[in-house]
Amino acid sequence: MGRFRRAAFGPGQVNSEESRHELWIAQGDGGRRFRRGSAPLRWGVVFSDCSTKRTEALTMTQTEKPSTNGKVIALAVAGAFGGFLFGFDASVINGAVNAIQDEYALTATLTGFAVASALLGAAAGAYLGGRVGDRYGRIPVMLLGSIMFFVSSVGSAFAFSIYDLVLWRIVGGLGIGLASVVAPAYIAEISPRAIRGRLGSLQQLAITIGIFSALLSDALFANTAGGAGEPSLFGIDAWRWMFLACALPAAVYFVIAKILPESPRFLVLKDRETEARAVFQKVWPNGDVDREIRDIRASIKADTLGQRTGSLRGKAFGLRPIVWIGILLSMFQQFVGINVIFFYSTTLWKAVGFEESSSLTISVFTGLTNIAVTFIAIALIDRIGRRPILMTGSIGMTLSLATMAIAFSQAVTVGGEISLPGAWGGIALVAANVFVVFFGASWGPVVWVLLGEMFPNTIRVKALGIAAAAQWIANFLIAVTFPTLAAVSLPLTYGLYALFAALSFVFVLTKIPETNGMSLDEANTLLPPKNAAKTASKNAVKQTEVR
């Protein structure tokens, strides 16, 4: 046997997503080509006989299977429970709007502020949640959020004026903001990369279930009492019971947070690697724990060398470009007007001729539709990627919102009441639900997945907090302006939302990177040039050349 040269390549150096790679082995006066097949290749060794110019290829395939064990899925589900409270607390106001307006004789502007006040608290909670989460951990933020949810629920139920109702709603908003930051970050940080998109989508699924549960409980309380403003159990008005119902899931969330392990990535950031390793080994029994720990350490080191650790500052108007991408992504999610459907749908359908009980039932159906279509995103997000789903959603939302604008342009006023003549009422109802379908299958879940994975480790929670705060501010602007805009012109209002939906397509097409299949630590390279994933794969192959 002659002398051999050896070229070794390890996990991460060969991209299993590429169908074929070519490896060239230098042999003095030429090279012989070793081509692997389409099977995933994680470790390979090539021996070149330099004297006889004969080449043997020995390969060892180690297929790295996604760790889909029950523990990691259970942790993701538990972490997403904050999303349930988020959806419940944000939408419970839907069935109570008219009763609150009558109870305190509110104007349209003040009604909008009362509804949107929770979103101001959410913006503050999201901003603070990032700082608290980076300093004390993800679990303490969950516990604090559950306490705020509980206090807000009880306080809102027994509010004696519009002023303290707004105060309690802001407290609940703080809890919403905390949950909106920590839940997607926690899920992303405990999930294997191969199924991270699907597990990350659980956050939006939990939000949609929370929205549906709130709308359903609103309908039950209002219909059994004969109206949201009528006395229900123990003589307490039905709308007050709507708020009180949130206390139970808030208590459940507190118990769940007490038994969850801390995020392993947070533990590594705080030099608690032994604890991080224990968490990885517990929830990813089939995963490469050493590799994950190395990736985290390397990304932290790279970020530290590049700039002061954890800094959000950059040259793009004071922030790093990736942070601005997250902010705009969050704002577009809200500027399409989705929460108008979930905050004001009962009032909206009453305005076009439906009775209160029918309006509540329609809202429940819309919430159920929102849950169902979220499963579409969960099934597709790790298969076709984030960008195609977002762009398809943008097109569908643009068309359905434009249809709603046209439908409401046909509205007539009869006896001081707005109604849609002929088939226009049905067209508006169908268009509204089509809008919910496209949003729920795209921008709803995918935005939260991207926010959980697109930022570098050392700024993930801080940047997510900024992006979520921007989302809540945008949400507040939509919620507080809708009553006034609707009073001026519903066609103009929905036309404006359609315009933002169209712009969201352009934004995704030009600015949003594809993160499908990347580890959280590989995502530190965002924003990459176009086709960077393929380029990186080719470069990895070149590193295996023997010179």
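Which residue with a positive phi follows H13? Helix H13 is followed by Gly-337, whose phi is positive, near 85 degrees. The structure described here is a predicted model, in which local features need pLDDT of at least 70, side-chain atom pairs count only at pLDDT 80 or more, and totals for chains, interfaces and linings use all residues. Residues are numbered from 1 along each chain as its sequence is written, and side-chain values use heavy atoms, with hydrogens and water left out.

The protein has 21 helices and seven strands; helices (H or I, at least four residues) and strands (E, at least two) are DSSP runs, numbered from the N terminus. Of its 547 residues, 56% count as buried. Here buried means under 20% relative accessible area, exposed means over 50%, and partly exposed lies in between, with a 1.4 Å probe and protein chains only. Contact means heavy atoms within 4.5 Å. Among the contacts in the protein with a separation of 6 or more, 77% come from residues 24 or more positions apart.

In soluble globular proteins, nonpolar side chains tend to be buried together. A nonpolar core is a set of buried Ala, Val, Leu, Ile, Met, Phe, Trp, Tyr and Cys residues joined through side-chain atoms within 4.5 Å. The largest nonpolar core has 152 residues, and those with the most contacts inside it are Ile-100, Leu-329 and Tyr-494. Helix H19 (residues 460-488) gives the most to this core, with 14 residues.

Leu-329 is one of the buried residues of H13. Leaving aside neighbours within four places in sequence, Leu-329 is in contact with Leu-390, Trp-443, Val-447, Leu-450, Leu-451, Met-454, Phe-507 and Ile-512. Helix H13 (residues 321-335) has 15 residues and reaches 21 Å from its first C-alpha to its last, close to the 21 Å expected at 1.5 Å a residue. The expected span of a helix is 1.5 Å times one less than its number of residues. Eleven of the 15 residues of H13 are buried, so this helix is largely enclosed by the rest of the structure. Besides Leu-329, the buried residues of H13 include Ile-322, Val-323, Ile-325, Phe-332 and Phe-335.

Two packed helices are described by the angle between their axes and the distance between the axes. Helix H2 (residues 81-91) and helix H6 (residues 162-190) pack at an angle of about 145 degrees, with their axes 9 Å apart. The axes are lines fitted to C-alpha atoms, for helices over the stretch in contact, and angles run from 0 to 180 degrees between N-to-C directions. On the H2 side, Gly-82, Phe-86, Asp-89 and Ala-90 meet Arg-169, Gly-172, Ile-176, Ala-179 and Ser-180 of H6. By class, this contact has four nonpolar, three polar and two charged residues. Ala, Val, Leu, Ile, Met, Phe, Trp, Tyr, Cys and Pro count as nonpolar, Asp, Glu, Lys and Arg as charged, and the others, Gly among them, as polar. H6 is mostly covered, with 24 of its 29 residues buried. At 1.5 Å a residue, the 29 residues of H6 should span 42 Å, and its end C-alpha atoms are 42 Å apart, which agrees.

The 17 residues of helix H17 (residues 424-440) should likewise span 24 Å at 1.5 Å a residue, and the end C-alpha atoms of H17 are 24 Å apart, which agrees. The buried residues of H17 include Gly-425, Ala-428, Leu-429, Phe-435 and Phe-439.

Ser-394 is placed in helix H16 (residues 386-408) and is buried, with a relative accessible area of 1%. Not counting residues up to four places away in sequence, Ser-394 touches Trp-443, Ala-501, Ser-504 and Phe-505. Ser-394 and Ser-442 are 48 residues apart in sequence and 8.2 Å apart in space, C-alpha to C-alpha.

Ala-105 lies in the loop between helix H3 (97-104) and helix H4 (108-136). Ala-105 has a positive phi of about 50 degrees although it is not a glycine, and at 67% relative accessibility it counts as exposed. Phe-234, in the loop between helix H7 (196-225) and helix H8 (238-244), has a positive phi of about 60 degrees and is not a glycine. At 77% relative accessibility, Phe-234 counts as exposed. Asp-102 in helix H3 is exposed, with a relative accessible area of 64%.
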